[in-house]
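Dear colleague,

I am handing over a structure for you to look through, and below it I have written down what was found in it. Please keep it open beside you while you read, and look up each element as it is mentioned.

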Amino acid sequence: MDRLTADFERTFGAAPTGVWSAPGRVNLIGEHTDYNGGLCLPIALPQRTYAAVSPRDDSVLRMASAQQEGLVEVSLGEISPERPGGWSAYVAGVLWALAKDGLTVGGLDVLVDSTVPLGAGLSSSAALECAVAAAASDLFALGLLESAEGRARLAARCVEAENTIAGAPTGGMDQSASLLCDERSALLLDCRSGDTRQVPFDLGGAGHVLLVTDTRAEHALVDGQYAARREACEQAARELGVDTLREIDPSELDDALGRLDSDEVRRRVRHVVTEIERVEAAVRALEADDLAEVGRLFDASHASLRDDYEVSCEELDVATETARAHGALGARMTGGGFGGSCIAIVPAGVADAVASAIEAAFADAGFTAPQSFTVTASGPAHRDA
Ligand code: ADP
Ligand code: MG
């Protein structure tokens, strides 16, 4: 925080008015369900993105990041999918979306720094948007951090920023997690109703840890694949005469699959419907302290994402298989897929051994060295200073 404040002063010539931060997230279970009106269950990470910010008396936005080169400048009125482009679209997009919502915002000087790894499927993009949204809410006296409704509204604006200005067609989970997750809890998010519920999540009490492994795998075509999965789900919903695949009750799944012609689309639908059911089962298991069952659900989720939804990759399969073979109760890919991170529930005493085993398996396979760390469920976006 001291370094960020000093860097802000060097960049913009005066100390920042304040510092705000927002966490990255991992989704425990419920993958590729958010854009189908389904359920997901993210936790906020201890890794956060920090934004040192001062308001300006004009409508200029100046942005810099410790993770990127250069200073980017744009007028609020010129923000569009083309401008400012690049990483700063995630910052500018938030101001654009707040203004579009009828809220009065002005120019800002913004310097960000982050401990969330970029592009690891841990949602550095939402952490960036939500840190900026938190700052804007306080500096323009919008009061949106003070209530769950206000935070949900900020999350919706951040989604618009990412979809429209940054051009990434993501669902709503990441921003809701970053703004609404509580410490020691997972957030059960109903993406149809917008309802949220905190579910106790504290593996430490049970002698276990959540091990996150950033595979550092980079695969081309990720964005196109994401859009293609969304399109397949929307097409299936149209064919089945429902608004979203959430409407398909698990008891009606076989009947629904029988009405679809394409084997590929059938498998996509089967993933979504069974994954939503697994989220409900995982919540029941967590509330009953049945970690072994949560682990089995992790494994089933991974198999469904690998075989039916086809969004896994070799690195994610090797990481999850190795974790299981070395004592994990369960392991799955988390995030959109084709790289990103794997999560595993591991007895605390073997976490280091599991991480080492994954590293060794990656070396054997000739993959880039992965990065593993344990995480606890952390707090949402807030003002730090
Ligand atoms: P993820 O959200 O999983 O980390 P994304 O591709 O959605 O991956 O978002 C990563 C992008 O978000 C980066 O390429 C960059 O444009 C932007 N970004 C995230 N964090 C920062 C940061 N601290 N500084 C600058 N840009 C960032
Ligand atoms: Mg992202």
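Before the first finding, one definition is needed: an angle between two elements runs from 0 to 180 degrees and is taken between their N-to-C directions, with the axes being lines fitted to C-alpha atoms. With that in mind, you can find α5 lying across β1 and β3, where it runs at about 125° to β1. Please remember throughout that this is a predicted model.

**The six-stranded sheet**

The strands β1 and β3 belong to an open sheet of six strands, whose order is β5-β4-β6-β3-β1-β13 and whose pairing is mixed. At the edges stand β5 (71-75) and β13, and because each has a single partner strand, one side of each is left without a neighbour in the sheet. Helix α2 (residues 89-100) packs on this sheet, touching β4 (60-65), β5 and β6, and its direction makes about 150° with that of β4.

As for the pairing itself, strands of a sheet pair through backbone hydrogen bonds, either parallel or antiparallel. Strand β1 (residues 18-27) pairs with β3 (residues 42-55) in the antiparallel sense over nine bridges, and within this pair arginine 25 stands opposite alanine 44 of β3. On β13 (residues 382-383), β1 has another antiparallel partner, joined to it by two bridges, and there tryptophan 20 has arginine 383 as its bridge partner. Strand β3 is also joined to β6 by seven bridges, the two running antiparallel, and alanine 52 finds its bridge partner in leucine 111 of β6.

How many residues of β1 are buried? Ten of its ten residues are, so that the strand is mostly covered.

**The four-stranded sheet**

Another open sheet is formed by four strands in the order β10-β11-β9-β12, with antiparallel pairing. Its edges are β10 (330-334) and β12 (371-375), and because each has a single partner strand, one side of each is left without a neighbour in the sheet. From one strand to the next, the twist averages 25°.

Five bridges hold the antiparallel pair of β10 and β11 (residues 341-347), and threonine 334 stands opposite serine 341 of β11. Helix α10 (residues 314-325) packs on this sheet, touching β10 and β11, with a direction that makes about 160° with that of β10.

Glutamate 315 and glycine 339 are 24 residues apart in sequence, while their C-alpha atoms are 7.0 Å apart in space.

The largest pocket has a volume of about 1,300 Å³, and of the 50 residues that line it, Gly119, Ala120, Gly121, Ser125 and Asp223 are the closest to its centre. At least two lining residues come from each of β6 (108-114), α3 (124-139), α5 (173-180) and α6 (222-240), and the largest share, four residues, is that of α6. By class, this lining has 17 nonpolar, 23 polar and ten charged residues.

The second largest pocket holds about 310 Å³ of space, and its lining is made up of 20 residues, of which Gly172, Ser176, Leu189, Cys191 and Gly194 lie nearest its centre. Here α4 (148-165), α5 and β7 (185-190) each supply at least two residues, with the largest share, six residues, coming from α4. This lining has nine nonpolar, seven polar and four charged residues.

With best wishes

Notes. Residues are numbered from 1 along each chain as its sequence is written. Chains are lettered from A and ligands numbered from 1 in the order in which they are written. This is a predicted model: local features need pLDDT of at least 70, side-chain atom pairs count only at pLDDT 80 or more; totals for chains, interfaces and linings use all residues. Side-chain values use heavy atoms; hydrogens and water are left out. On a 1 Å grid over the protein atoms alone, a cavity is a set of points where a 1.4 Å probe fits but cannot get out, and a pocket is an open set with protein on both sides within 12 Å along at least five of seven lines; lining residues have an atom within 4 Å of a point. Grid points are joined across faces, edges and corners, and a volume is the space filled by probe spheres set on the points. Ala, Val, Leu, Ile, Met, Phe, Trp, Tyr, Cys and Pro count as nonpolar, Asp, Glu, Lys and Arg as charged, and the others, Gly among them, as polar. Two strands pair if DSSP finds at least two bridges between them. Contact means heavy atoms within 4.5 Å. Buried means under 20% relative accessible area, exposed over 50%, partly exposed in between (1.4 Å probe, protein chains only).
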